[in-house]
Amino acid sequence: MTTGPAPGPDDAAGPDSDDDSGAADVELPTVAPQLRELRRRAGLTLEAAAARARLSPAHLSRLETGRRQPSLPLLLGLARTYGTTVSELLGETPAVADPIVRAGGPGAREADGWTYWQAGGSGRGMQALRVHVPHGRSQGELVRVHPGEEWLYVLEGRLRLHLGDVEHLLEQGDSAHFDSLTPHRIGAASAAGADLLFVHTLLQSSLAGLCLGGGTTTHHR
């Protein structure tokens, strides 16, 4: 088979292409005003934003002036570039989220013996959980490394926190705040396990992904 030169980011069809002919035709509201506003809000030049979205500046300019309508895949890519949602790009007004999470509200989730309760609203830039870590379930050699930040506060019991090659022993009332790119692992150091508040900045993480492997089950307190 004879092949030509490899296509560049603006030659291939798809979300990063200057040609949306391969995408399904879907009627979408004009997004030009939102695209300009989101780029300016992010403090990005046209060239910088286009590079992040893997578009040519000319293509992004046509989108911002309404001379071109983006495909749905391209909308997803632009939403990631500006740290927002497709709904905001389309100018939709999101429903007001309830800021209160009541005790006895959402049921607990369990993964590998660890139990998690929602402690914050969904769809936020931070995810807050209340966690019970059972004794003897320290995830073995499983170490997490991922983008973001994590903060935890020990409510009850004692907790072992491994950050890189250093092990920390946290008592009740102690807290830790660290970059999630640091290899980390936690486990209970007390026989009754440990309870903690946990906040992380991974908007896309599901509870199952956050919970250290295995399947999950849902139950109520």
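Trainee: How does E171 count by relative accessibility?
Mentor: Buried means under 20% relative accessible area, exposed over 50% and partly exposed in between (1.4 Å probe, protein chains only). E171 has 34% relative accessibility, so E171 counts as partly exposed.

Trainee: What kind of model is this?
Mentor: Residues are numbered from 1 along each chain as its sequence is written, and side-chain values use heavy atoms, with hydrogens and water left out. Local features need pLDDT of at least 70, side-chain atom pairs count only at pLDDT 80 or more, and totals for chains, interfaces and linings use all residues: this is a predicted model.

Trainee: Which residue forms a salt bridge with E171?
Mentor: A salt bridge is a side-chain nitrogen of Lys or Arg within 4 Å of a carboxyl oxygen of Asp or Glu. Here the closest N and O atoms are 3.7 Å apart, and the partner of E171 is R158.

Trainee: How many salt bridges does a search of the whole structure find?
Mentor: R160 and E167 meet in one of them, at 3.0 Å from N to O. R39 and E64 form another, with the closest N and O atoms 2.6 Å apart. The search of the whole structure finds 3.

Trainee: How are α1 and α3 oriented to each other?
Mentor: Their axes are 7 Å apart, at an angle of about 120°. Axes are lines fitted to C-alpha atoms, for helices over the stretch in contact, and angles run from 0 to 180 degrees between N-to-C directions. Under 35 degrees counts as roughly parallel, over 145 as roughly antiparallel, 65 to 115 as roughly perpendicular and the rest as oblique. The two helices are therefore oblique.

Trainee: Which side chain makes a polar contact with the side chain of H132?
Mentor: H132 lies in strand β3 (residues 127–133). A polar contact is a pair of N or O atoms within 3.5 Å; within protein, one must be able to donate a hydrogen and the other to accept it, and residues adjacent in sequence count only if both atoms are side-chain atoms. At 3.1 Å from the H132 side chain, the partner is D195.

Terms used
Helices (H or I, at least four residues) and strands (E, at least two) are DSSP runs, numbered from the N terminus.
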